[in-house]
Amino acid sequence: MAIGKEDILEAVSKMTVMEIVDLISAMEEKFGVSAATAVAAAPAAAAAVAEEQTEFDVIMTSFGENKVAVIKTVRTITGLGLKEAKDAVEGVPTTIKEGVPKAEAEDVKKQLVEAGATVDIK
(Lines give C-alpha, C1' and ligand atoms only; values in the text may rest on other atoms or scores of the structure.)
Protein backbone atom coordinates (compact mmCIF):
# COMPACT_ATOMS: atom_id res chain seq x y z
CA MET A 1 0.00 0.00 0.00
CA ALA A 2 1.37 3.43 -0.99
CA ILE A 3 1.77 6.14 1.58
CA GLY A 4 0.09 9.43 0.61
CA LYS A 5 1.44 12.95 1.02
CA GLU A 6 -1.00 13.61 3.83
CA ASP A 7 0.34 10.60 5.77
CA ILE A 8 3.92 11.81 5.30
CA LEU A 9 3.04 15.36 6.39
CA GLU A 10 1.24 14.03 9.44
CA ALA A 11 4.25 11.91 10.40
CA VAL A 12 6.67 14.83 9.90
CA SER A 13 4.48 17.16 11.97
CA LYS A 14 4.88 14.82 14.93
CA MET A 15 8.70 14.79 14.70
CA THR A 16 11.12 16.92 16.68
CA VAL A 17 13.41 19.34 14.88
CA MET A 18 16.39 17.01 15.33
CA GLU A 19 14.44 14.11 13.85
CA ILE A 20 13.53 16.24 10.83
CA VAL A 21 17.18 17.25 10.34
CA ASP A 22 18.15 13.56 10.43
CA LEU A 23 15.37 12.75 7.95
CA ILE A 24 16.60 15.43 5.54
CA SER A 25 20.16 14.12 5.79
CA ALA A 26 18.98 10.57 5.10
CA MET A 27 16.99 11.77 2.05
CA GLU A 28 20.01 13.67 0.73
CA GLU A 29 22.15 10.54 1.02
CA LYS A 30 19.53 8.18 -0.45
CA PHE A 31 18.70 10.33 -3.47
CA GLY A 32 22.12 11.98 -3.98
CA VAL A 33 20.79 15.52 -3.70
CA SER A 34 21.37 18.49 -1.43
CA ALA A 35 18.60 20.69 -0.05
CA ALA A 36 21.06 23.62 0.09
CA THR A 37 21.80 23.29 -3.63
CA ALA A 38 18.11 23.39 -4.52
CA VAL A 39 17.56 26.50 -2.41
CA ALA A 40 20.63 28.22 -3.88
CA ALA A 41 19.61 27.34 -7.45
CA ALA A 42 16.11 28.84 -7.13
CA PRO A 43 17.20 32.53 -7.07
CA ALA A 44 19.61 31.92 -9.95
CA ALA A 45 16.81 30.40 -12.02
CA ALA A 46 14.52 33.33 -11.23
CA ALA A 47 17.25 35.80 -12.25
CA ALA A 48 17.77 33.97 -15.55
CA VAL A 49 14.06 34.23 -16.33
CA ALA A 50 14.05 37.94 -15.51
CA GLU A 51 17.03 38.58 -17.81
CA GLU A 52 15.34 36.86 -20.76
CA GLN A 53 12.42 39.29 -21.02
CA THR A 54 11.60 39.72 -24.70
CA GLU A 55 8.28 41.54 -24.57
CA PHE A 56 7.81 44.97 -23.07
CA ASP A 57 4.91 47.30 -22.28
CA VAL A 58 5.15 51.04 -22.96
CA ILE A 59 3.25 52.92 -20.27
CA MET A 60 2.67 56.67 -20.42
CA THR A 61 2.64 58.10 -16.89
CA SER A 62 2.15 61.79 -17.74
CA PHE A 63 1.32 63.78 -20.87
CA GLY A 64 3.34 66.82 -19.79
CA GLU A 65 2.81 70.37 -20.96
CA ASN A 66 1.91 69.75 -24.60
CA LYS A 67 -1.13 67.47 -24.55
CA VAL A 68 -2.02 68.11 -28.22
CA ALA A 69 1.39 66.95 -29.46
CA VAL A 70 1.18 63.85 -27.26
CA ILE A 71 -2.31 63.04 -28.59
CA LYS A 72 -1.02 63.34 -32.18
CA THR A 73 1.92 61.07 -31.36
CA VAL A 74 -0.34 58.48 -29.69
CA ARG A 75 -2.58 58.50 -32.79
CA THR A 76 0.45 57.94 -35.03
CA ILE A 77 1.83 55.12 -32.88
CA THR A 78 -1.43 53.27 -32.20
CA GLY A 79 -3.66 54.13 -35.14
CA LEU A 80 -6.43 55.21 -32.75
CA GLY A 81 -9.00 57.81 -33.67
CA LEU A 82 -8.86 61.31 -32.20
CA LYS A 83 -11.33 60.63 -29.37
CA GLU A 84 -9.71 57.30 -28.40
CA ALA A 85 -6.22 58.83 -28.44
CA LYS A 86 -7.42 61.81 -26.36
CA ASP A 87 -9.06 59.47 -23.84
CA ALA A 88 -5.88 57.38 -23.64
CA VAL A 89 -3.72 60.47 -23.04
CA GLU A 90 -6.06 61.94 -20.45
CA GLY A 91 -6.41 58.57 -18.68
CA VAL A 92 -2.77 58.32 -17.63
CA PRO A 93 -1.21 56.04 -16.59
CA THR A 94 -2.04 54.35 -19.91
CA THR A 95 -0.46 51.39 -21.65
CA ILE A 96 0.28 52.61 -25.16
CA LYS A 97 1.84 49.38 -26.51
CA GLU A 98 1.81 45.89 -25.00
CA GLY A 99 4.10 42.94 -25.62
CA VAL A 100 6.42 44.62 -28.08
CA PRO A 101 10.13 43.93 -28.68
CA LYS A 102 12.62 46.12 -26.82
CA ALA A 103 13.67 48.08 -29.93
CA GLU A 104 10.07 49.00 -30.73
CA ALA A 105 9.38 49.89 -27.09
CA GLU A 106 12.42 52.21 -27.06
CA ASP A 107 11.30 53.83 -30.33
CA VAL A 108 7.77 54.43 -29.00
CA LYS A 109 9.19 55.86 -25.77
CA LYS A 110 11.48 58.19 -27.74
CA GLN A 111 8.57 59.51 -29.83
CA LEU A 112 6.40 60.13 -26.79
CA VAL A 113 9.19 61.80 -24.80
CA GLU A 114 9.93 64.09 -27.75
CA ALA A 115 6.24 65.07 -27.73
CA GLY A 116 6.52 65.93 -24.02
CA ALA A 117 5.17 62.82 -22.28
CA THR A 118 6.71 60.85 -19.43
CA VAL A 119 7.00 57.14 -20.29
CA ASP A 120 8.05 53.91 -18.55
CA ILE A 121 8.96 50.61 -20.17
CA LYS A 122 8.15 47.49 -18.19
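**Core, salt bridges and a surface patch**

Trainee: At 65% relative accessibility, does Lys 14 count as buried or exposed?

Mentor: Keep in mind that this is a predicted model. A residue has to lie over 50% relative accessible area to be called exposed. Lys 14 has 65% relative accessibility, so Lys 14 counts as exposed.

Trainee: Which residue's side chain meets that of Lys 14 in a salt bridge?

Mentor: The pairing requires a Lys or Arg nitrogen within 4 Å of a carboxyl oxygen of Asp or Glu, and here the N to O distance is 3.7 Å.

Trainee: By about how much of the helix are Asp 87 and Lys 83 separated?

Mentor: The side chains of Asp 87 and Lys 83 meet in a salt bridge, at 3.0 Å from N to O. Asp 87 counts as partly exposed at 40% relative accessibility, whereas Lys 83, at 57%, counts as exposed. Because Asp 87 and Lys 83 are four residues apart in helix α5, their separation is about one helical turn.

Trainee: How many salt bridges does the structure hold?

Mentor: Besides the pairs already named, there is a network of salt bridges that links Lys 67, Lys 86 and Glu 90. For the structure, the number of salt bridges is five.

Trainee: How many residues does the largest nonpolar core have?

Mentor: Among the elements that each supply at least two residues of this core are β1 (56-62), α4 (67-78) and β2 (94-100). Val 58 is one of the residues with the most contacts inside the core, and beyond its neighbours within four places in sequence, Val 58 is in contact with residues including Ile 96, Val 108 and Leu 112. The number of residues in the largest nonpolar core is 17.

Trainee: About how much accessible area does the nonpolar patch on the surface have?

Mentor: One of its residues, Met 27, is found in helix α2 (residues 17-31), and Met 27 is partly exposed because its relative accessible area is 42%. Met 27, Phe 31 and Val 33 form the patch, and together their accessible area is about 310 Å².

Notes:
Residues are numbered from 1 along each chain as its sequence is written. This is a predicted model: local features need pLDDT of at least 70, side-chain atom pairs count only at pLDDT 80 or more; totals for chains, interfaces and linings use all residues. Side-chain values use heavy atoms; hydrogens and water are left out. A nonpolar core is a set of buried Ala, Val, Leu, Ile, Met, Phe, Trp, Tyr and Cys residues joined through side-chain atoms within 4.5 Å. Buried means under 20% relative accessible area, exposed over 50%, partly exposed in between (1.4 Å probe, protein chains only). Contact means heavy atoms within 4.5 Å. Patches are made of residues with over 30% relative accessible area and no salt bridge: like charges are joined within 9 Å, nonpolar side chains (Val, Leu, Ile, Met, Phe, Trp, Tyr) within 5 Å. Accessible areas come from the Shrake-Rupley method with a 1.4 Å probe; for residues, only the protein chains shown count as cover.
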